[in-house]
Amino acid sequence: MILSLTCIIALITVFFPKDFYLPFLKSNTLLAHFFFFFGVIGKGCFLVASAWAVIGLFQEHRGISQETVNTSDVTVSNSPQVSLSAHYYWFPWAVWGFAFWTLSMFSGELWSYLGWGTPVVWDDPAITTTMATWFFYICLLHLHLTGTWTARGRTAYAASGILVVLILNYIPQLGPYRWPF
Amino acid sequence: MAILKMLPQFSSVWKKLSSMHLTIVLCLLLTADLAWGYVCLKKNILLFSPLNDIGLTAWTKTYGGHQLEYTAWFFVLLILLALFCVNTFVCTTDRVLRLVRLRSHYKTKRFFFRFAPHVMHYALIIILSGYLGSYMFAHVLDTRTLIPGASMTLPGTESKILLKSFDPKYYQGTRLAAFHKHVLKPKARLLLIDGEHRQTAILQYNRPVRFKGYGIFLKDFSPKKQGGMGMKTRIDLSIRKDPGVFLYLIGMLIFTAGMVGYLADWIFLRRPIKDATAKNNFAAAEVRDHRSSKTKSYKNLS
């Protein structure tokens, strides 16, 4: 599933190119590269987390994995048991995705401060979608760590991350249609 | 906590503000509002560019207040962020107090790591306070041009900045023809004069100079190419006195430290226990699945 998703995204970018990773004078700093690469890793982790959640939901729908794991070490208030196949696999990816996304944002803010004198440069609308994605995953981590919502609801929320990442972070990066050959 | 018991009304408000459901709702609203913001920014990007230079108050009175169809999302964002900060503070303080009360239940190392998420929460409040301070109280001198030998006085002081020379590094390679003889690294030599005290500083892109509480940033320069069009040498400066910088830089550092603490706790202390439990359960599940499939096949055979 992850491989198919990667292929689809790669194919779409071939037909709808916007720009490429072109350096400019102010990007001559490590922070600019950290911003880019941490962001890419973060998005990758989010997509993998969503893929695992989709698989979990699909398996649950088919009744393949009805076994559960007790998460007594996590603060769980209203649902002491969560679906093993789903939570066990998507949660670490969501955590790593959030960590890399945060590092990307901080690198970007530091670069922005050193280059432009302010941590938020409003010249690029992508700043809002980056923050939107961050809040979406803050919500997911809080849902999981506090046990708010049912296990199925949380897995469905994690699965919907695929739409958030694609709509907020991939589609704005697409350019007009161009035949590549 | 004694205050909470003494004032039942305050206690009730505190309890509502510490609700995790409020956090979830606020996060979802922030996500939706920022997505709306993307659409508005895309339609009218020039409306927001002056925000960094003229500050929030002046921007609200001019650009922000007069085009609400494009800027309403930003005011909603400010309200949501304010609520989010209050919710985060109350929620975290509540849990930190509980954690301190139950400290005897934890081993020392575990107790220390349990604070990591709370460190991140407080750091976020510090970062957002820094941004607010920056947008409210920053003093910005945008685009101050200097030519070699010329100087300017910093406002409210007797101190001066003088451009001694501009010595950029040019691209000398041949592989990228389009960049031939173009500036790769602009480098301005400044003389910072404070009364009798004189000091030389090098100003470059991404390397601002700090002087008398001001941050001096290189905004633009000329010429961009060696021997190009006979353009005169000049540099454009952006000079900022920003009281929020220290707060958001410290906030980011603390947040990162909290995140590292949380990840360390998760990887080294919590996850091995969880993995073992999950793997055992998973193995048990597989055995049971295997047995049930065998039973089914026997039934089919019979």
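Chain B contains 9 helices and 10 strands (DSSP runs, with at least four residues of H or I for a helix and at least two of E for a strand, numbered from the N terminus). The model is predicted, so local features need pLDDT of at least 70 and side-chain atom pairs count only at pLDDT 80 or more, while totals for chains, interfaces and linings use all residues. Residues are numbered from 1 along each chain as written, chains are lettered from A in the order in which they are written, and side-chain values use heavy atoms, without hydrogens and water.

Of the 302 residues in chain B, 40% are buried (under 20% relative accessible area; exposed is over 50%, and partly exposed lies in between, with a 1.4 Å probe and protein chains only). Chain B exposes about 17300 Å², and carbon and sulfur atoms supply 64% of this area (Shrake-Rupley method, 1.4 Å probe; for residues, only the protein chains shown count as cover).

Chain B meets chain A through 65 residues, which are in contact with 62 residues of chain A (heavy atoms within 4.5 Å). The two chains bury about 5500 Å² between them, 71% of it on carbon and sulfur atoms (accessible area, 1.4 Å probe, lost on being put together and summed over both parts). On the chain B side, α9(B) gives the most, with 23 residues.

Over all chains, the whole structure has 7 salt bridges. One of them joins B:R240 and B:D53, with the closest N and O atoms 4.0 Å apart. B:R240 lies in strand β10 and B:D53 in helix α4, so the pair ties together parts that are 187 residues apart in sequence. B:R240 is buried, at 4% relative accessibility. B:D53 is partly exposed, at 27%.

A salt bridge also links B:K219 to B:D142, at 2.9 Å between the closest N and O atoms. Here strand β9 is tied to strand β1, with the two residues 77 apart in sequence. B:K219 is partly exposed, at 34%. B:D142 is partly exposed too, at 27%.

In chain A, A:S107 sits in helix α3 (residues 84-116). A:S107 is buried, with a relative accessible area of 7%. The side chain of A:S107 reaches the backbone oxygen of A:L103 at 2.6 Å. Beyond neighbours within four places in sequence, A:S107 is in contact with A:L31, A:F34, A:F35 and A:F38.

Note on methods. Polar contact = N/O pair within 3.5 Å; in protein donor to acceptor, adjacent residues only side chain to side chain. Salt bridge = Lys/Arg side-chain N within 4 Å of Asp/Glu carboxyl O.
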